[in-house]
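Subject: Structure handover

Hello,

Here is the structure I promised to pass on. Please open it first and keep it beside you while you read.

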Amino acid sequence: MDSLKESLHHHYGWSDFKLGQRPVIEALLASQDVLVVLPTGGGKSLCYQLPALVLEGLVVVVSPLVALMEDQVLQMQERNIRAVCLHGGLDALQIEKAKEQVRAGHIRLLYLSPERFQGLAVKKLLLDIYQLGKLVAIAIDEAHCISAWGHDFRPEYRRLGEIRSWYPGVPVVALSATASPRVRADIIRLLNLSRPLIEVCSAKRNNLQYSMRRRPKDPMPDVLDEINNTRGAKLIYVRTRRSVETLTRKLHSYGVYAIAYHAGLTMAARRQAFSSFLEQKNPVLVATVAFGMGVDRKDVGLVMHLNLPSSAESYLQESGRAGRDGKPAKCILLFSPSDRKRLAWAIKSSTQGDSEKAFFANHLRLQIAQQQLRRMEALAEGETCRQQALLQAIGEVVSPCGNCDRCLHPPPCIDWSPQAIEILVELNRSNGIRITALITKLSSKTSGIVEDLSWLIRRLVQEDLISESDDGLQILYISNLGRSFLYKPWNLDYAEERLLAS
Ligand SMILES: [Zn+2]
């Protein structure tokens, strides 16, 4: 056995590397920069953990979320690997203690938020380690956060390229589960990666069975049904902390002892939820999307979302937690047209800022977030293979999976162009109109049911025949393509709404 494999076996008990891990580890040991795009569950974190253990030095891990850092530290501690994180939630004494351990060379992995990585206290600490030659690498986790084109842009990530120059010669490894070619280019440019090794693995997962459908008014029967008919551990994602609590309570009343998890729980409660999920036989966990990054449970047989995810990228990442053991697993998405409106408002209110610069930065961010949301909705309402469409969103072209609801049961389609013409004629007369006003106008004229109309309007937005404002207000305009369509219509073969709902 070679020495890298020996270390892997010694620290983790595994006998071989996963695809893509070894070249990354070797590059880091040779001080080369690396960009790693490995799907969820591909073992990204091992790529920077092992070099720290092999060289008995320190790797700094920059990560966007406190909950994510804490989860990773907990997992490291369970493996007897010494890791700490520094964040605003700790008191002065805890921070001092952690720093002391780092200074003494006892710690292998130090998790930091991008803000703290820039702070003077941390800079001084890390320069000391650097001068001792013990700063092994800087790992930028969730590196897509640096790009405005990524699904989770964080302006704090923008300074990381400059900060790395404080530690010349220390390699940087940028990691992401979902980075499209455009985002990859941004990561390389903004982090100043110098002649990096680029390790990209396909995100295609043959053992996952995707299925997306409308959420019934009471989703409980569907949830119970899926829980009862799937193997292993089950993850159920909802949007808010409150719905985590409501759903957990409801499940308890049906005799399903679900575990609740969200970022608002105390550290102790999160730790408890975390270890219950890892230790119970077939646990059911209800969580907000904050849960799961870095969770290492292989036999997850079901990942169920009860709301529309905010982007195809994030959905790929979350659903990818299913079936890491390679056995069949289900990814179910229940959604409602109202989800997008709610999410759009949430995105809008999270991007408020008062300076002019913040306004333009937020405007771009808002625009991209709305586009990603529309694309996710188009995917859920669309007729094509789910996995193919999801992968396309991250720039990967594959053939239909043969395993999803669309591949197994292609929906019957009809031509909707006559109804589309009525909608576009009305829009052509107006100079921007809110979707609700448009529906009121049309429903008095046509025989269309309101529900069908709003669905068809969304489809026309998804097909670029109608443009929609990116401010969350859903103001509609006819697009240039829409005008060409009116001039010379073509067939619009979509599955009928009522058929989709059934
Ligand atoms: Zn498919």
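Below is what was found in it, taken element by element.

First, a caution: this is a predicted model.

Start with helix α3, which spans residues 46-55. How many of its 10 residues are buried? Eight are, so the helix is mostly covered, given that 20 or more other C-beta atoms within 10 Å make a residue buried. They are Leu46, Cys47, Tyr48, Gln49, Leu50, Pro51, Ala52 and Leu53.

Two helices that pack against α3 are worth a look. Two packed helices are described by the angle between their axes and the distance between the axes.

Take α2 (residues 21-29) to begin with. Its axis lies 9 Å from that of α3, and the packing angle is about 45°. An angle of 65 to 115 degrees would count as roughly perpendicular, and one under 35 as roughly parallel. The pair α2 and α3 is therefore oblique. Their crossing is right-handed. From α2, the contact draws on Gln21, Val24, Ile25, Leu28 and Leu29. From α3, it draws on Leu46, Cys47, Tyr48, Leu50, Pro51 and Val54. Which classes of residue make up this contact of α2 with α3? It has 10 nonpolar residues, one polar residue and no charged ones.

Now α1, residues 3-12. The axes of α1 and α3 cross at roughly 100° and come within 10 Å. That makes α1 and α3 roughly perpendicular to each other. On the α1 side, the residues are Ser7, Leu8 and His11. They meet Leu50, Leu53 and Val54 of α3. This contact of α1 with α3 has four nonpolar residues, two polar and no charged.

An α-helix has 3.6 residues a turn, so residues three or four places apart point the same way.

**Positive phi angles**

Where is Glu56 placed? It sits in the loop between α3 and β2 (58-62). Is Glu56 buried or exposed? Glu56 is exposed, because 10 other C-beta atoms lie within 10 Å and 12 or fewer count as exposed.

Arg195 is another such case: its phi is near 35°, a positive value in a residue other than glycine. Look for Arg195 in the loop between α9 (181-190) and β7 (197-200). Arg195 has 8 other C-beta atoms within 10 Å, so it is exposed.

Gly133 has a positive phi as well, near 75°. Gly133 follows α7. Helix α7 itself covers residues 120-131 and has 12 residues. From first C-alpha to last it reaches 16 Å, close to the 16 Å expected at 1.5 Å a residue.

Gly161 belongs to helix α8 (residues 160-164). It counts as partly exposed because it has 17 C-beta neighbours inside 10 Å. Which residues does Gly161 contact, leaving aside neighbours within four places in sequence? They are Leu190, Leu191 and Asn192. Leu193 is 32 residues from Gly161 along the chain, and their C-alpha atoms are separated by 8.3 Å.

Ile421 is in helix α18 (residues 417-429). Ile421 has 14 other C-beta atoms within 10 Å, so it is partly exposed. Beyond its neighbours within four places in sequence, Ile421 is in contact with Leu486 and Pro489. Leu132 is 289 residues away along the chain, with 71 Å between its C-alpha and that of Ile421.

Leu438 has its place in helix α19 (residues 435-445). Is Leu438 buried or exposed? Leu438 counts as buried, because it has 21 C-beta neighbours inside 10 Å. Not counting residues up to four places away in sequence, Leu438 touches Glu426, Leu427, Ile433, Ile457 and Leu476. From Leu438 to Leu65 the count is 373 residues in sequence and 41 Å in space, C-alpha to C-alpha.

Best wishes

Note on methods. Residues numbered from 1 in each chain as written. Predicted model: local features only at pLDDT ≥ 70, side-chain atom pairs only at ≥ 80, totals over all residues. Helix = DSSP H or I, 4+ residues; strand = E, 2+ residues; numbered from the N terminus. Contact = placed C-beta atoms within 7 Å. Axes fitted to C-alpha atoms, helices over the stretch in contact; angles between N-to-C directions. Parallel < 35°, antiparallel > 145°, perpendicular 65-115°, else oblique. Left-handed = near helix turned anticlockwise from the far one by under 90°. Nonpolar A, V, L, I, M, F, W, Y, C, P; charged D, E, K, R; others polar. Expected span 1.5 Å × (residues − 1).
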